[in-house]
Amino acid sequence: MPAVFLVTLYEYSPLFYIAVVFTCFIVTTGLVLGWFGWDVPVILRNSEETQFITRAFKKQMRQVKNPFGLEITNSSSASLAAGMTLTTDCLEDSRLTCFWGCSVQKLHEALQKHVYCFRISTPQALEEALYSDYLHREQYFIKKHSKEEIYCQLPRDTEIEDFGPVPRSRYPLVALLTLADEDDREIYDIISMVSVIHIPDKTYKLPCRILYQYLLLAQGQFYDLKQLFMSANSSPSPSSNPSPADRSAEQSLLEKAGLAGSEAEPLEESSKDCVVCQNGGVNWVLLPCRHTCLCDSCVRYFKQCPMCRQFVQESFALCSQKEPDKDMLETS
């Protein structure tokens with residue numbers, strides 16, 4: 001009976017035949033494109049295909065130990081006239097060298113020289129790479145694990161009130177951390193850290209902060225140290241204040257990501273639960289947006305970040321379940 005009905009419908013409606021052929025063509029094309037990884041409607045794929053296709057590439061990480069730590073102590077009150085205070089936390093005896101009014105072009109040329117010409121492992125090496133194109137230099141000796149507070153200020157006799165309008169040709173302050181002992185340079189892969197710091201003046205009054213931090217390796221590479229973005233609790237309660245043990249665990253998590261010495265503010269009221277299932281612990285960093293918001297179980301289902309909807313190109317785990325003792329450092 002159905003066959004007779006279809007034959008009768010075909011005889012009186014040629015458009016029905018065209019519609020059937022077109023539908024079959026669309027479904028077949030969708031299945032073929034979905035098999036090769038093209039973005040087709042999820043309704044044309046089963047759950048196993050969706051899970052396999054949307055899995056982002058896992059970035060291979062390498063264990064690197066960063067001996068340097070630098071942060072701004074009084075960022076709210078710092079200015080070009082009043083100066084600023086830097087707090088250092090180094091694993092070995094180090095030297096902090098501050099270059100005031102450093103040329104933007106010469107600094108980036110110096111970083112390229114570290115890759116192709118010579119290694120910037122000492123303050124003298126950076127000074128030569130800059131061709132002394134800065135306004136003032138000061139240097140301090142930092143003892144290991146001392147967490148010293150260093151007060152820095154541009155001398156008044158320079159009579160500099162600002163560094164001109166934006167875009168500027170000079171950075172207000174470039175802080176270089178290097179290992180003081182030559183033998184220590186053979187132990188660590190990271191031999192120096194360059195921090196570019198903005199300091200408010202009469203022309204540009206945005207708050208003081210670290211603009212960039214570059215890690216320079218003994219092999220000739222340099223990487224831009226990035227901060228991770230973790231989700232915050234939407235409804236914090238008085239009982240949700242982190243305990244000292246939680247703060248220690250959170251600091252350990254940041255150290256594994258290489259962010260202990262960056263400009264990132266302390267993550268207050270930060271949540272460690274997956275933003276999707278609210279059950280598993282956050283362990284995966286999505287690139288390039290750097291949102292740290294998914295657990296081991298949920299990361300496989302997303303090819304777009306659940307926080308910002310940006311497509312995920314790569315991802316990496318902060319802690320491996322098989323190798324929990326490995327420290328991971330995100331560098332780019």
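Mentor: Buried means under 20% relative accessible area, exposed over 50% and partly exposed in between, using a 1.4 Å probe and protein chains only. This is a predicted model: local features need pLDDT of at least 70, side-chain atom pairs count only at pLDDT 80 or more, and totals for chains, interfaces and linings use all residues. Residues are numbered from 1 along each chain as its sequence is written, and side-chain values use heavy atoms, leaving out hydrogens and water.

Trainee: Why is Phe-99 called buried?

Mentor: Its relative accessible area is 0%. That value is under 20%, so Phe-99 is buried.

Trainee: How many aromatic pairs does the structure hold?

Mentor: There are 3 aromatic pairs. Rings of Phe, Tyr and Trp (its six-membered ring) pair if their centres lie within 6.5 Å; planes under 30 degrees apart are stacked, over 60 edge-to-face and the rest tilted.

Trainee: What makes Phe-99 and Tyr-134 an edge-to-face pair?

Mentor: Their ring centres are 5.1 Å apart, which is within 6.5 Å, and their planes stand at 75 degrees, which is over 60, so the pair is edge-to-face. Helices (H or I, at least four residues) and strands (E, at least two) are DSSP runs, numbered from the N terminus. Tyr-134 has 16% relative accessible area, so this residue is buried.

Trainee: Why is the pair of Tyr-214 and Phe-222 called edge-to-face?

Mentor: The planes are 75 degrees apart, over the 60 degrees required, and the centres are 5.9 Å apart, within 6.5 Å, so the label applies.

Trainee: Which residues have the most contacts inside the largest nonpolar core?

Mentor: Met-84, Leu-86, Leu-96, Trp-100, Ile-197 and Ile-199, in a core of 31 residues. Strand S7 (170-179) is one of the strands that each supply at least two residues of this core. S7 gives its largest share, 4 residues. A nonpolar core is a set of buried Ala, Val, Leu, Ile, Met, Phe, Trp, Tyr and Cys residues joined through side-chain atoms within 4.5 Å.

Trainee: What does Trp-100 contact, leaving aside neighbours within four places in sequence?

Mentor: Its partners include Leu-80, Tyr-134, Glu-138, Cys-152, Pro-172 and Ile-199; contact means heavy atoms within 4.5 Å. A second, separate core has 18 residues, among them Leu-111, Val-174, Val-196 and Tyr-214.

Trainee: How do you know that Ser-121 is buried?

Mentor: Its relative accessibility is 16%, under 20%, so Ser-121 counts as buried. Ser-121 lies in the loop between helix H4 (104-116) and H5. Not counting residues up to four places away in sequence, Ser-121 touches Thr-178, Arg-185 and Ile-191.

Trainee: Why is Phe-22 called exposed?

Mentor: Phe-22 has 54% relative accessibility, which is over 50%, so the residue counts as exposed. Phe-22 is found in helix H2 (residues 14-35).

Trainee: What share of the chain is buried?

Mentor: Buried residues make up 40% of the 332 residues. The chain has 6 helices and 14 strands. Of its contacts between residues at least 6 apart in sequence, 64% join residues at least 24 apart.
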